[in-house]
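Welcome, and please take a moment to look at the sequence and the model below.

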Amino acid sequence: MATALTSASAPRVNRRVLVAGLAIALPLVAVLVANLGRDPHSVRSPLIGRPAPPFRLVPVGGGAPVALESLHGKPVVINFWATWCVPCFQEHAALVEAARSLPAVQFLGIVYEDDEAQTGEFLRQRGTAYASLMDKDGKTAIAYGVFGVPETFFIDPEGRIVEKHVGPLDRGAILSLVARARGGGR
Amino acid sequence: MTLVAFALSGLLALAPEAPRGQPLSGKLLDQRTDEVGALLRCPVCQGLSIADSPATMARNMKAEVREKLAAGYDQEQILADFERSYGEFVRLQPPVRGVNWLVWFGPAAMLLAGGAVVAWALRRSQRPRGEEVALQRDSDLPSRDTLPADPRLAAAVRRVRMLAYGWPDGISPKERA
């Protein structure tokens, strides 16, 4: 008899509770799924697709200041780096080699929070194929929204930022990003 | 031609706006630098404002805030300028717009919605007591000879009636006669 009574009043799903539960849970699951592959620490630069902030900086060791405006018409690669940064060490050779093999592309280094004499010594020892510029008050790094080093910006011939790469670059990454900068990001 | 277009697009995109505030100096400049700095996130720190961080990057940013305040830029112009480089991330207080409405008003809305659900559930849980009172009136009682639609339950009810009253139907044979 007890069995008969229990089976007769078997619990049924409360539709309203189910709908309310789904209404709360589904958007949360959707947000989770949409962001599964995303690095929570990476912030997409709002500068991508916008004109690169202008600068006028003096190269390490002195000389005539280099202005971004003077480089219009050719793709530009700007690498923010420092001698105290180990990944910058690792990518230095790849950048120098790429700069030598791509004469139509203007490579530039911008020194981030580092001592000029130490930077000069580093470049003498390891060699370079492009100018590194001193950003003494950090204004250029701030204008480019730099979080740390190395960070590299790829600028198309019209002066627009096509891509920002965070972390060390290898030859393959440099070539593919330069190709995008040449094509205006298309 | 390209050069002119390049220069124009660059100028249009990056031309600094005219300052909207008053140029500051002295103690007021120091105070406002700290206040505006407290609203900007240090990009190389963990959840610190540039006013609180000793990092070189934070000091450089603070110097830029100071320069802009001295030049007469107002708080919103300065925050918007840093936002152009770093994105909304750089603001420690997200502006009330777009999806940020959720951040500002979401918790209060959820609290209100939760309160409404609790109030509704409480009112609902009180209802059966009211029904019991109402059922005590004879006219509201179900007919004694009705049976549940489920045949197994109906059989169980009939057995209980048999045990309790001695007859399986709701009405005694005497009454029926």
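## A first look at the model

Taken over C-alpha atoms, the centres of domain 1 of chain B and domain 2 of chain B are 80 Å apart. Domain 1 of chain B covers residues 20–109 and domain 2 covers 142–177; such bounds come from an automatic or database domain assignment.

This is a predicted model, in which local features need pLDDT of at least 70, side-chain atom pairs count only at pLDDT 80 or more, and totals for chains, interfaces and linings use all residues. Residues are numbered from 1 along each chain as its sequence is written, while chains are lettered from A and ligands numbered from 1 in the order in which they are written.

How confident is the predictor? For the complex it gives an ipTM of 0.80 and a pTM of 0.72. The table uses pLDDT, the predictor's confidence in each residue, from 0 to 100.

| Chain | Mean pLDDT | Residues with pLDDT of 70 or more |
|---|---|---|
| Chain A | pLDDT 90 | 91% |
| Chain B | pLDDT 84 | 82% |

In chain B, residues 6–14 have a pLDDT below 50, and this stretch has 13 contacts beyond near neighbours in sequence. In chain A, residues 1–8 stay under 50, with 10 contacts beyond four places in sequence. Two residues are in contact if their C-beta atoms, placed from the backbone, lie within 7 Å. Where pLDDT is low, the predicted coordinates should not be read in detail.

Now to a pair of helices in chain B. Helix 2 (residues 26–37) and helix 3 (residues 56–70) of chain B pack at about 125 degrees, their axes 9 Å apart. Axes are lines fitted to C-alpha atoms, for helices over the stretch in contact, and angles run from 0 to 180 degrees between N-to-C directions. Helices (H or I, at least four residues) and strands (E, at least two) are DSSP runs, numbered from the N terminus.

Helix 2 and helix 3 of chain B are therefore oblique to each other: angles under 35 degrees count as roughly parallel, over 145 as roughly antiparallel, 65 to 115 as roughly perpendicular and the rest as oblique. Residues L29(B), R32(B), T33(B), V36(B) and G37(B) of helix 2 meet K62(B), V65(B), R66(B), L69(B) and A70(B) of helix 3.

Chain A has two backbone details to find. V149(A) and P150(A) are joined by a cis peptide bond, with omega about 0 degrees. P150(A) sits in the loop between helix 5 (139–143) and strand 6 (151–155) of chain A. E113(A), a residue other than glycine, has a positive phi near 45 degrees.
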